[in-house]
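Please look through the sequence and the three-dimensional structure shown here before reading on. The paragraphs that follow lead from charged side chains to aromatic rings, and then to the overall layout of the chain.

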Amino acid sequence: MIRRTILVVALGLQAAAAAAQTTTPAPAAAPAQPAPSTTATATAKPGVTLEKFEARREKAFMAADTDGDGKVSLAEWTAFQTQRKAKGDPAKAFARMDANKDGFVDKSELDAFLAKRFARLDKNGDGMLGADERPGHKTAPNQEQ
């Protein structure tokens, strides 16, 4: 009798194992996809903020600081502009940036200069430079920089 019970149990376990292998598990629920947002598309191609405008130009400007003192002299600026083959008179550009006329342009003078330039370029006053407002962009009007 014990043998028979063991045999029945063993056959039952085999059948259960076989059934478990042939049943297909229910598919996992797909993760919920967020509904498309109008803000996501609106921010996909944002304009350039004042902070981004300043950061980009400051990095480029400070490349002229060859002695690493945190400010740019007229000599450093002239050498940098000559190396870049920039158009225009570097001394005139430097004079516009050197607000305190000490012969150096530091970060605060550069930030003030760039804020004025940004405000002048931001034709619609929205605090962002769109493609058509950025100098050198193909959609920007041809203007003196």
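**A guided reading of the model**

A search of the whole structure finds 2 salt bridges, where a salt bridge is a side-chain nitrogen of Lys or Arg within 4 Å of a carboxyl oxygen of Asp or Glu. The structure is a predicted model, in which local features need pLDDT of at least 70 and side-chain atom pairs count only at pLDDT 80 or more, whereas totals for chains, interfaces and linings use all residues. Residues are numbered from 1 along each chain as its sequence is written, and side-chain values use heavy atoms, with hydrogens and water left out.

Side chains of opposite charge can pair when their charged atoms come close. Glu 58 forms such a salt bridge with Lys 107, and the closest N and O atoms of the two are 3.1 Å apart. Because Glu 58 lies in helix H3 and Lys 107 in helix H6, the pair ties together parts that are 49 residues apart in sequence. Helices (H or I, at least four residues) and strands (E, at least two) are DSSP runs, numbered from the N terminus. Lys 107 also forms a salt bridge with Asp 111, with 2.8 Å between the closest N and O atoms, and here both residues lie in helix H6, 4 residues apart, which is about one turn of the helix. Through these shared partners, Glu 58, Lys 107 and Asp 111 are joined into one network.

Lys 107 is partly exposed because its relative accessible area is 42%, while Asp 111, with a relative accessible area of 18%, is buried.

The aromatic side chains come next. The structure holds 3 aromatic pairs, and rings of Phe, Tyr and Trp (its six-membered ring) pair if their centres lie within 6.5 Å, planes under 30 degrees apart counting as stacked, over 60 as edge-to-face and the rest as tilted. The rings of Phe 53 and Phe 118 have centres 5.5 Å apart and planes at 65°, so this pair is edge-to-face. The pair links distant parts of the chain, since Phe 53 is in helix H3 (residues 50–62) and Phe 118 is in helix H6 (residues 107–121), 65 residues apart. Phe 53 counts as buried because its relative accessibility is 1%, and Phe 118 counts as buried at 6% relative accessibility.

Another pair, formed by Phe 61 and Trp 77, is tilted, with 5.0 Å from centre to centre and 35° between the planes. This pair too links distant parts of the chain, with Phe 61 in helix H3 and Trp 77 in helix H4 (residues 74–83), 16 residues apart. Both Phe 61 and Trp 77 are buried, and together with Phe 80 they form one aromatic cluster. Returning to Phe 53, its C-alpha atom is separated by 7.9 Å from that of Leu 114, a residue 61 positions away along the chain.

We can now turn to backbone angles. Most residues other than glycine have a negative phi, and most peptide bonds are trans. Which phi value does Lys 85 have? The phi of Lys 85 is near 55°, a positive value in a residue other than glycine; Lys 85 has its place in the loop between H4 and H5 and is exposed, with a relative accessible area of 72%. Lys 101 likewise has a positive phi, of about 55°, although it is not a glycine. Its place is in the loop between H5 and strand E3 (104–106), and Lys 101 is exposed because its relative accessible area is 57%.

Finally, the layout of the chain as a whole can be considered. The secondary structure of the protein chain comes to 6 helices and 4 strands, and, read along the sequence, these follow the pattern α-α-β-α-β-α-α-β-α-β. Of the 145 residues of the protein chain, 21% count as buried.

How values were computed. Buried < 20%, exposed > 50% of the residue type's maximum accessible area, 1.4 Å probe, protein only.
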